[in-house]
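User: Please take a close look at the aromatic rings and their surroundings. I would like the geometry together with the cut-offs behind each term.

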Amino acid sequence: MQRCLELSLTGEGHVAPNPMVGAVLVHEGKIIGEGYHRLYGQAHAEVNCVNSVPENLQRFIPHATMYVSLEPCSHYGKTPPCADLIIARRIPRVVIGCVDTFSAVSGRGIRRLQEARVEVTTGVLEKECRTINRRFFTFHEQQRPYIILKWAQSSDGYMAPPDGRPVRISHPYTDRLVHRWRSREAGILIGTHTALQDNPRLTTRLWPGKHPVRLVIDRHLRIPVDFHLHDTEAPTLFFTERTGGDKTVTLDFSRNILPQLLSELHARNIQSVIVEGGRHLLEQFIESGLWDEARVITGEHPLHDGLRAPVLPNASLQESFRVHHDEIAVFQH
């Protein structure tokens, strides 16, 4: 199963909104085939695994055990059901990392296998299998995108100097890491003040990968049309109380906009969002408890005064590492 997890991560950034899945076929303790879900809309891990078995080892398939990190699908989507493939190839045993809670699967794949007298074992490295696809599970179980908060702060905990002007806090190498993070998420969100102050591009130009959908809260449509956010480099949605064309989404700003925003993103199949500020927007997510992960970049120099960085209550430190002189801390809610 550990090998399944390693394989599944190879599809990171290429399979969303589908989950990342790895599969391994084992006969008498030896791997005879392995595969992973490579690209959204293309063959699933189980199909690639079976197809990878060399011709001279095909005869062992009806005597092998398939290990797969996620329950095989049982429905027709962009590809045929993987449970049917397993049955058709007469694979007698399947070991599954975790159940797929997506409503179109949700145990049906396991039942189909068991009804065909396939021996099924579940819950092997279940926590690890769910963690890899935490975006997918959050989206389907909580009916909202997986939310990642991200900000940079000085060594003494400030996001900006007293006058609010933009100032470099992190090292350029860290900027490349941030763009890598962006390439893995479906959307990137900022507030009006950040948009006006920084005129950001919100793209992955420093890292090869797909641009996330740019999501901008702009209640009064104040962002000038010559700003980067109005270009065509990446798809963009503006959340406003006004009507302003096909790039705008109207929200009721007389009440908390976050549940409305997340509901709209769920309806648009945006499975994960990285929130890059400003502080007020970050604090709204924190105070509402609507966040799953936070990535805090702490630079090496102090600012001594200015705009204080948010504080995370009830956060669990998952990992920390350094990029040049920057300290990167990753928290889970």
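Analyst: The account below goes through the ring pairs, then the charges over rings, then the helix involved. The model is predicted, with local features needing pLDDT of at least 70 and side-chain atom pairs counted only at pLDDT 80 or more, while totals for chains, interfaces and linings use all residues. Residues are numbered from 1 along each chain as its sequence is written, and side-chain values use heavy atoms, leaving out hydrogens and water.

Two aromatic pairs turn up in a search of the whole structure; rings of Phe, Tyr and Trp (its six-membered ring) pair if their centres lie within 6.5 Å, and planes under 30 degrees apart count as stacked, over 60 as edge-to-face and the rest as tilted. Phe 102 and Phe 136 have ring centres 6.5 Å apart and planes at 65°, so this pair is edge-to-face. Because Phe 102 lies in the loop between β4 (93-98) and α4 (108-115) and Phe 136 in helix α6, the pair ties together parts 34 residues apart in sequence. Helices (H or I, at least four residues) and strands (E, at least two) are DSSP runs, numbered from the N terminus. Phe 136 and Phe 137 are also edge-to-face, with centres 5.6 Å apart and planes at 75°.

Phe 102 is partly exposed at 25% relative accessibility, whereas Phe 136 is buried at 4% and Phe 137 is buried at 2% (buried is under 20% relative accessible area, exposed over 50%, partly exposed in between; 1.4 Å probe, protein chains only).

Arg 130 lies over the face of Phe 137, 4.3 Å from the ring centre. Elsewhere, the charged end of Arg 295 sits over the ring of Trp 181, 5.0 Å from its centre. The criterion is NZ of Lys or CZ of Arg within 6 Å of the ring centre and within 35 degrees of the ring normal.

Helix α6 (residues 134-142) packs on the sheet, touching β6 (146-153), β12 (272-275), β13 (293-298) and β16 (326-332), where contact means heavy atoms within 4.5 Å.

Definitions and conventions. Axes fitted to C-alpha atoms, helices over the stretch in contact; angles between N-to-C directions.
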